[in-house]
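Please examine the sequence and the structure shown here. The paragraphs that follow lead through a few of its packed and paired elements.

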Amino acid sequence: MNPSNQKPQLQQNKNLSPLNNIVVVGGTHGNEYTGVWCIKALDRRSQQLETQYPSLQISTLLGNPQAHMENKRFIHQDLNRQFSLEAFQAYSNLDLSQDDLPLETIRAREIDQLLGPKFATPSEEEEEGGESLSNSSSKSPVAHVVIDLHSTTSNMGLTIIVAEGDVVMTRAAAYVRHKCEKVLAGKENGEKVPVNCLVHTHVSREVRPNLSSTARHGFTIEVGPVPQGVLRHDAVEKTELALHAMLEYMHLYNTDPKGLDETLKEMYEGSSFRVPCFRSAAAVRKGEMSGKIPWPSLPENPNFPAYMVHKHLQDADFEMVQTGDPIFVDLDGNVIRYDGSYGPKVYLMFVNEAGYYYESSGTGVSVAIKTEYDLETGKLLEIRDEL
């Protein structure tokens with residue numbers, strides 16, 4: 001048989017060592033109540049979880065307790081932007097007990113001590129012959145996997161967020177996506193309810209600013225629309241559905257890797273092991289997790305936009321936008337149209353996300369490209385015309 005006519009094969013995952021220590025985080029943003037509810041519910045079911053997933057040591061963490069108590073996204077700065085090498089270096093020589101430091105700077109160092117370390121300190125380098133601070137720590141993070149639970153005011157539905165090239169997590173995203181779509185379709189009389197995979201494309205772990213990057217592997221579950229400071233039963237159900245599918249994946253990863261590979265093969269053999277996803281555009285401004293179409297802010301208040309989202313774009317997350325389409329309206333009623341700066345056809349996400357009104361979170365609407373990734377490598381693939 002001509003090799004070019006053979007079907008692609010999924011290679012067995014090289015399971016080098018179990019990943020047991022799983023930390024589920026809620027309240028990274030204090031006014032996102034969905035994740036906080038879910039970790040409190042997990043704590044009440046600890047014995048059940050031990051029986052259900054015996055290979056896992058599952059713990060929970062409230063990300064930003066002070067912001068949660070005050071029902072705020074953050075106190076001084078976005079906690080989910082504090083874990084890059086640059087952010088750590090900015091305060092590396094300062095006394096963290098100083099009263100004038102941003103609360104989230106201090107909390108990020110506390111979390112890194114609990115879940116990391118993400119980066120080696122100079123003393124650790126000398127003691128262990130570790131790499132320089134500009135590289136990943138030679139001391140492996142305590143947390144094997146962090147599952148960070150978020151909600152959004154945008155119409156994102158159930159979205160799974162992972163980093164490109166992290167094969168363990170991209171396979172997890174593929175598994176969770178398939179399992180959740182099957183369950184959700186059953187609840188909707190067979191009608192497909194899309195579960196989106198978003199792949200972040202940071203050039204290295206050092207520049208990833210998000211909390212889950214403190215662990216060896218990070219996995220984020222995002223559900224919306226949910227107002228800030230509000231609990232919605234349906235949003236909690238979707239979050240818990242994805243969370244337990246992820247825990248199931250991790251348990252199978254540890255106990256039956258061959259069987260897990262066979263399951264993934266059955267799920268994606270029909271698509272040649274290509275997993276549908278969205279690729280985030282590269283971040284270019286401070287505070288961004290991904291590239292955005294920014295809006296200007298009023299000079300007297302950097303957190304109040306001078307543009308509002310156009311009605312035709314509202315709630316249209318993951319829908320195509322083309323050059324010339326209306327995206328914003330200014331205070332004089334003028335329509336601002338997409339200028340093609342990210343390409344003639346793009347998909348927007350986190351549309352009118354309330355958290356992105358804050359300058360420190362990166363203002364504007366996030367940009368994504370519809371594509372696929374390779375199930376075997378976790379790498380993004382060339383965009384096909386039919387996408």
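Helix α1 (residues 33-44) and helix α8 (residues 233-255) pack with their axes 10 Å apart, at an angle of about 55°. Axes are lines fitted to C-alpha atoms, for helices over the stretch in contact, and angles run from 0 to 180 degrees between N-to-C directions. Helices (H or I, at least four residues) and strands (E, at least two) are DSSP runs, numbered from the N terminus. The angle makes α1 oblique to α8; angles under 35 degrees count as roughly parallel, over 145 as roughly antiparallel, 65 to 115 as roughly perpendicular and the rest as oblique.

This is a predicted model, in which local features need pLDDT of at least 70 and side-chain atom pairs count only at pLDDT 80 or more, while totals for chains, interfaces and linings use all residues. Residues are numbered from 1 along each chain as its sequence is written, and side-chain values use heavy atoms, with hydrogens and water left out.

Where α1 and α8 meet (contact means heavy atoms within 4.5 Å), the residues of α1 include Trp 37 and Leu 42, and those of α8 include Val 236 and Leu 243.

A second pair consists of helix α7 (residues 167-187) and helix α9 (residues 257-268), whose axes come within 11 Å and cross at roughly 60°. That makes α7 oblique to α9 as well. Among the residues in contact are Arg 171 and Tyr 175 of α7, and Leu 260 and Met 267 of α9.

Strand β9 (residues 297-298) runs antiparallel to strand β10 (residues 301-305), and 2 bridges join them; two strands pair if DSSP finds at least two bridges between them. The two strands form a hairpin with 2 residues between them.
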